[in-house]
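Please keep the sequence and the structure in view while reading.

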Amino acid sequence: MDNAAIEEMFETLGPVKIRRMFGGKGIYVDGIILALEVNGEILLKGDAETAQAFEEAGARQWTYEGKGKRVKMPYWSTPEAAWDDPNEMARWVRLAYEAALRSKK
């Protein structure tokens, strides 16, 4: 996904910074990472407070194989409904930002 599309996706939060990392991109607001772009997919920050909402929306948690077992990361795929509805997208990026703020505490 190109940077302009990412900036548009997160515009309701204000300006974002996009930095290359681990073969993808980190997406930051106010110096706080709240999403990743990996292989063209946007993964939003989640936590214990938002996990159920992501699951109910059909999102999947990002995992990887580490030392013989699956490791769950605090990032979730963007729910499908958000791609067709700017208001829905704004809701999910706001939830990701709030999760990112909580993780900084």
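Does Lys 67 count as buried or exposed? Lys 67 counts as exposed because its relative accessibility is 87%, where buried means under 20% relative accessible area, exposed over 50%, and partly exposed in between (1.4 Å probe, protein chains only). This residue sits in the loop between strand 5 (61-66) and strand 6; helices (H or I, at least four residues) and strands (E, at least two) are DSSP runs, numbered from the N terminus. Lys 67 is not a glycine, yet its phi is positive, near 50 degrees. Most residues other than glycine have a negative phi.

Asp 30 also has a positive phi, of about 55 degrees, and is not a glycine. Its place is the loop between strand 2 and strand 3. With 64% relative accessibility, Asp 30 counts as exposed.

## Basis of the model

The model is predicted: local features need pLDDT of at least 70, side-chain atom pairs count only at pLDDT 80 or more, and totals for chains, interfaces and linings use all residues. Residues are numbered from 1 along each chain as its sequence is written, and side-chain values use heavy atoms, with hydrogens and water left out.

Apart from neighbours within four places in sequence, Phe 10 is in contact (heavy atoms within 4.5 Å) with Val 16, Ile 27, Leu 34, Ala 35, Ile 42, Leu 44 and Val 93.

Arg 70 lies in strand 6 (residues 69-77). Its side chain makes a polar contact of 2.8 Å with the side chain of Thr 63 and one of 3.2 Å with the side chain of Glu 65. A polar contact is a pair of N or O atoms within 3.5 Å; within protein, one must be able to donate a hydrogen and the other to accept it, and residues adjacent in sequence count only if both atoms are side-chain atoms.

Ser 77 is also found in strand 6 and counts as buried, at 5% relative accessibility. A polar atom of its side chain lies 2.8 Å from the backbone nitrogen of Arg 60. Ser 103, in helix 4, counts as partly exposed at 44% relative accessibility. A polar atom of the Ser 103 side chain lies 2.8 Å from the backbone oxygen of Ala 100.

## The largest pocket

On a 1 Å grid over the protein atoms alone, a pocket is an open set of points where a 1.4 Å probe fits, with protein on both sides within 12 Å along at least five of seven lines; lining residues have an atom within 4 Å of a point. The largest pocket holds about 240 Å³ of space. Its lining has 13 residues, and those closest to the centre are Glu 8, Met 9, Glu 11, Pro 86 and Met 89. Helix 1, helix 3 (80-83) and helix 4 each give two or more residues to this lining.

Methods
Grid points are joined across faces, edges and corners, and a volume is the space filled by probe spheres set on the points.
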